[in-house]
Amino acid sequence: MNRYPRDFRGHGPNPPDAKWPGGAKIAISLVLNYEEGGENNLLHGDAQSEAFLSDIAGATPWPAMRHWNMESIYDYGARAGFWRLHRLFTERNLPVTIYGVTSALARNPEQVAAMKAAGWEIASHGLKWVDHRDMPEDVERAQIAESFRLHEEVTGEPPRGWYTGRCSMNTVHLTAETARLDWISDTYDDDLPYWLELGDRDQLVIPYTLEANDMRFATAPGYIEGEQFFTYLRDTFDTLYAEGQQGRAKMFSIGLHCRLIGRPGKIAGLKRFLDYAQSHEGVWFARRIDIARHWAATHPHHRIERPSQMTRDRFVERFGGIFEHSPWIAEGAWALELGPAHDCATGLHNALARIFRSASPDQRLAVLRAHPDLAGKLAAAKRLTPESTAEQASAALDALTDDERATFQRLNTEYVAKHGFPFIIAVRDNTKASILQAFATRIGNDTATEFTTACAQVERIAELRLKDILP
């Protein structure tokens, strides 16, 4: 099987109604990353100093050396930035989710106590704030297990959510396979939560953000003043809030770091945004665990039989009749590079239509000739496929008067005599009257035009059949 793993479809063109509590038009998740004391450092057993997300321009790792300036910037986050943010959120009674690097939490007991006293959710940000890109899978699995152990030891309970950040290609499936997490957030691919099927595990994913994130104060292009951060957050809020007013409520994650947004000039922009957001009705500030529990209760996962995961035999059995009596089209489609995008009617139709369109003229002609006459002898003898029977019945072609039946038979005979294949039309797009009108018009077309028209109608019939059985 040639299968493509990335999911470009997601919730599709009609995402679910979030149904946020109280009819809220937007859900805002404030996330405070706590990394101070978990970053790369020789003191932590690492081979070099940290170089990521600080106010040191162009920082690079210092191999086998401590970096005093870098350490002091991270220290600021713990010593000053955290407490400034703690006062801001507790004075406003705003719920917060902590992405806590476990080794950092272990080195910061007063901050952990303050998080717990405030009722904040303390999720895991991994064992250490390091890059997992090249980490062997067994090593990362072991670090995840140790993070669970240490997190419970330090905070009193295991994490229910997870975000590694600098993750590997294995991180998502490794965290999901623990079967201990209500949510994971190592994705940036949606404005709503969604379910991810990983083996037997249905894992809830709450996508995160790298753009509505104060990390942009330390990256280029990025923010250089609090006002820019406020403007971006406000514009994001306005767009999502308007969508919520139109019945398409979304979620808004805001990523924060103690050593960045905790600086006086930067936090001013965050304060302006909180003033702005709190001035609106229908805004739900929520911890990620609250969002996860709401989504699991409101939108529980239901597995479907996915075309991209079917065996060849099952695929042909299920879709071999979508193009009338032409299972070879399904066989060809199964061999394409299928993926999650093809697990819906539109996606699978595209795959089937590709095989039909790339077939030879004789092969496509055979598909046309496989279609029955409208209201013809096969219909009268009740020998149509179930799909064709239902389609013809939708326009009352199974309940014709004797005169109407005679008209259809005459038109069928004339059409086939001229063009060499049956008259084909997507009956469910038409009425009996419009079908008769099209019949009379198309008999007069040249055969090349009719061949093209008939092929397009065959594709439309297939599309409608797929929409009966797939999302």
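## Basis of the description

Because the model is predicted, local features need pLDDT of at least 70 and side-chain atom pairs count only at pLDDT 80 or more, whereas totals for chains, interfaces and linings use all residues. Residues are numbered from 1 along each chain as its sequence is written, and side-chain values use heavy atoms, with hydrogens and water left out.

Side chains of opposite charge can pair when their charged atoms come close. Counting as a salt bridge a side-chain nitrogen of Lys or Arg within 4 Å of a carboxyl oxygen of Asp or Glu, the structure holds 29 of them.

Burial is judged by relative accessible area, where buried means under 20%, exposed over 50% and partly exposed in between (1.4 Å probe, protein chains only). Arg141 is partly exposed at 34%, and Glu137 is partly exposed at 31%. In the other pair, Glu146 and Arg149 have their closest N and O atoms 2.8 Å apart, and they too are separated by about one helical turn, since they are three residues apart in α4. Glu146 is partly exposed, with a relative accessible area of 29%, and Arg149 is partly exposed, with 41%.

## A bridge between distant parts, and a network

Arg306 forms a salt bridge with Asp343, the closest N and O atoms being 3.8 Å apart. This pair links distant parts of the chain, 37 residues apart: Arg306 is in the loop between α9 (288–298) and α10 (312–319), while Asp343 is in the loop between α11 (327–334) and α12 (345–358). Arg306 is partly exposed, at 22% relative accessible area, whereas Asp343 is buried, at 5%. Elsewhere, a network of salt bridges links Asp429, Arg460, Glu463 and Lys467.

## Helix α18

At the start of α18, a side-chain oxygen of Asp446 comes to within 3.2 Å of the backbone nitrogen of Ala448.

The buried residues of α18 include Glu450, Phe451, Cys455, Ile461, Glu463 and Arg465. Among the elements that cover the buried residues of this helix are α10, α12, α13 (361–370), α15 (386–394), α16 (402–419) and α17 (432–442).

## Pocket and cavities

Grid points are joined across faces, edges and corners, and a volume is the space filled by probe spheres set on the points.

The largest pocket holds about 1800 Å³ of space. Of the 47 residues that line this pocket, Asp7, Tyr194, Trp195, Leu196 and Pro340 lie nearest its centre. The elements giving two or more residues to its lining are α5 (171–177), β6 (194–198) and α12, and the largest share, five residues, comes from β6.

The whole structure has three cavities of 30 Å³ or more, and the largest cavity has a volume of about 160 Å³. Sixteen residues line the largest cavity, with His371, Glu391, Ile425, Val427 and Ile461 nearest its centre; α15 and α18 are the elements that give two or more residues to this lining.

## Two buried loop residues

Asn41 is placed in the loop between β1 (26–34) and α1 (68–91) and counts as buried, at 4% relative accessibility. A polar atom of the Asn41 side chain lies 2.8 Å from the backbone nitrogen of Leu43.

His125, in the loop between β3 (121–124) and α4, is buried at 0% relative accessible area. A polar contact (a pair of N or O atoms within 3.5 Å; within protein, one must be able to donate a hydrogen and the other to accept it, and residues adjacent in sequence count only if both atoms are side-chain atoms) of 3.3 Å joins the side chains of His125 and Asn33. The side chain of His125 also reaches the backbone oxygen of Tyr163 at 2.7 Å.

How values were computed
Helices (H or I, at least four residues) and strands (E, at least two) are DSSP runs, numbered from the N terminus. Contact means heavy atoms within 4.5 Å. On a 1 Å grid over the protein atoms alone, a cavity is a set of points where a 1.4 Å probe fits but cannot get out, and a pocket is an open set with protein on both sides within 12 Å along at least five of seven lines; lining residues have an atom within 4 Å of a point.
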